[in-house]
Amino acid sequence: MAYDREITQELISVIARFVEEKLRPIEAQVGEDDAVPEAIINQMKELGLFGLTVPIKYGGLDLTMEVECLVAFEFGRTSPAFSSCFGTNVGIGSQGLILFGSEAQKQKYLPQIASGELVTSFCLTEAEAGSDSAAVQTRAQRVGDHYVLTGSKRYITNADRAGLFTVMARTDADVKGAKGVTAFLVERDSPGLSVGKPEKKMGQQGAHICDVYFDAVKVPVENRLGEEGAGFKLAMQVLDRGRLHIASVCVGLAERLISDSLNYALKRQQFGKPICEHQLIQAMLADSKTEAYAAKAMILDAARLKDGDQSITLEAAAAKYYASEMVGRVADRAVQILGGAGYVVDYGIERLYRDVRIFRIYEGTSQIQQIVIAREMIKAAKG
């Protein structure tokens with residue numbers, strides 16, 4: 001659905017206030033507790049954040065890609081743990097269902113996803129299938145009117161809270177690679193499904209990842225998502241949108257870091273003047289601002305292409321690659337500008353420095369983005 005400019009601006013303003021007034025004041029607490037307070041999650045539900053991309057007929061807001069990116073810019077200005085609460089419902093956890101689900105599947109799950117009653121997770125990564133996502137070993141064997149899933153998944157975001165998993169499993173052992181993989185909607189209370197403890201991570205405390213285990217889990221045939229063998233195609237289309245969302249969060253975080261760095265540089269005195277008046281500090285500020293601006297322009301261009309129903313596989317990969325690398329450089333400069341203050345906990349910069357490192361890894365490492373970009377270039381050149 002296309003919202004007019006006034007409605008869009010009001011939505012962004014509401015979210016910006018929520019981030020500034022409700023989320024930023026408790027960032028340190030979330031980091032210490034490794035948990036987002038339930039009261040905050042409930043407020044997110046009331047704002048409709050869990051249903052940003054769900055069609056209106058199923059209770060969502062049905063945002064365009066461009067407006068979703070504008071929302072993600074705002075959420076990037078605080079700890080990534082907050083946007084992670086609803087991120088899988090907005091992106092990889094629901095998009096397969098939205099794009100490829102049957103009407104019965106949509107009617108059953110999407111209203112609960114939009115309200116936040118049902119949290120979703122996307123199960124692709126395995127111990128031996130990460131960047132090589134077509135190497136999925138989890139098996140799904142057809143037995144009458146159901147499939148039996150056996151295997152495990154690693155580092156699954158929101159798995160400890162999820163009530164519905166989109167699971168990639170191999171339905172044809174004789175077909176190697178992507179063509180033998182199929183997608184399934186698997187409910188949390190399915191017998192044989194279990195979730196491991198949240199991993200201890202370098203950063204993004206409050207956003208949890210866990211292993212998920214499937215011990216002969218029976219999944220009804222009607223819970224297959226799309227046709228047999230179409231799972232990898234589904235995953236790649238879902239990731240295009242997800243990569244733009246992550247890139248947008250990276251830009252928001254970069255802008256937050258730049259703002260914090262500039263405010264500190266305006267106040268901190270060295271050699272008889274604010275450090276912002278020293279040219280080498282100015283150079284770092286200028287480099288960060290320029291790179292963040294470039295990433296933002298890339299993202300908005302790609303988002304508008306997607307909203308125009310154009311393929312954005314190359315553009316989404318390029319935006320995610322550049323933005324995730326960019327925010328790492330910006331975070332590093334922020335620590336440098338603050339000096340000792342950037343290295344201690346009180347100022348919050350060291351926490352954000354750790355938080356941004358994962359962006360270069362999940363939903364496709366930087367190296368995988370390079371491969372995707374080059375592959376799309378070569379494909380276009382060959383016609």
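This is a predicted model: local features need pLDDT of at least 70, side-chain atom pairs count only at pLDDT 80 or more; totals for chains, interfaces and linings use all residues.
Biologist: Okay, so is tyrosine 347 buried, exposed or partly exposed?

Modeller: Its relative accessibility comes out at 47%. Since the cut-offs are under 20% for buried and over 50% for exposed, tyrosine 347 counts as partly exposed.

Biologist: And tyrosine 264, buried or exposed?

Modeller: Here the relative accessible area is 16%. Buried is anything under 20%, so tyrosine 264 is buried.

Biologist: How do the rings of tyrosine 264 and tyrosine 347 pair up, stacked, tilted or edge-to-face?

Modeller: Tyrosine 264 sits in helix 8 and tyrosine 347 in the loop between helix 11 and helix 12, 83 residues apart. Even so, the ring centres are 6.0 Å apart, and the planes stand at 90 degrees. Planes over 60 degrees apart fall in one class, so the pair is edge-to-face.

Biologist: Back to helix 8: how does it run relative to helix 9, roughly parallel or roughly antiparallel?

Modeller: Their axes come within 9 Å and cross at roughly 155 degrees. Among the residues that meet are Leu244 and Ile258 from helix 8, with Leu285 and Ile299 among those from helix 9. The crossing is left-handed. Angles over 145 degrees settle the label, so helix 8 and helix 9 are roughly antiparallel.

Definitions and conventions:
Residues are numbered from 1 along each chain as its sequence is written. Side-chain values use heavy atoms; hydrogens and water are left out. Rings of Phe, Tyr and Trp (its six-membered ring) pair if their centres lie within 6.5 Å; planes under 30 degrees apart count as stacked, over 60 as edge-to-face and the rest as tilted. Helices (H or I, at least four residues) and strands (E, at least two) are DSSP runs, numbered from the N terminus. Buried means under 20% relative accessible area, exposed over 50%, partly exposed in between (1.4 Å probe, protein chains only). Axes are lines fitted to C-alpha atoms, for helices over the stretch in contact, and angles run from 0 to 180 degrees between N-to-C directions. Angles under 35 degrees count as roughly parallel, over 145 as roughly antiparallel, 65 to 115 as roughly perpendicular and the rest as oblique. A crossing is left-handed if the near helix is turned anticlockwise from the far one by less than a right angle, and right-handed if clockwise. Contact means heavy atoms within 4.5 Å.
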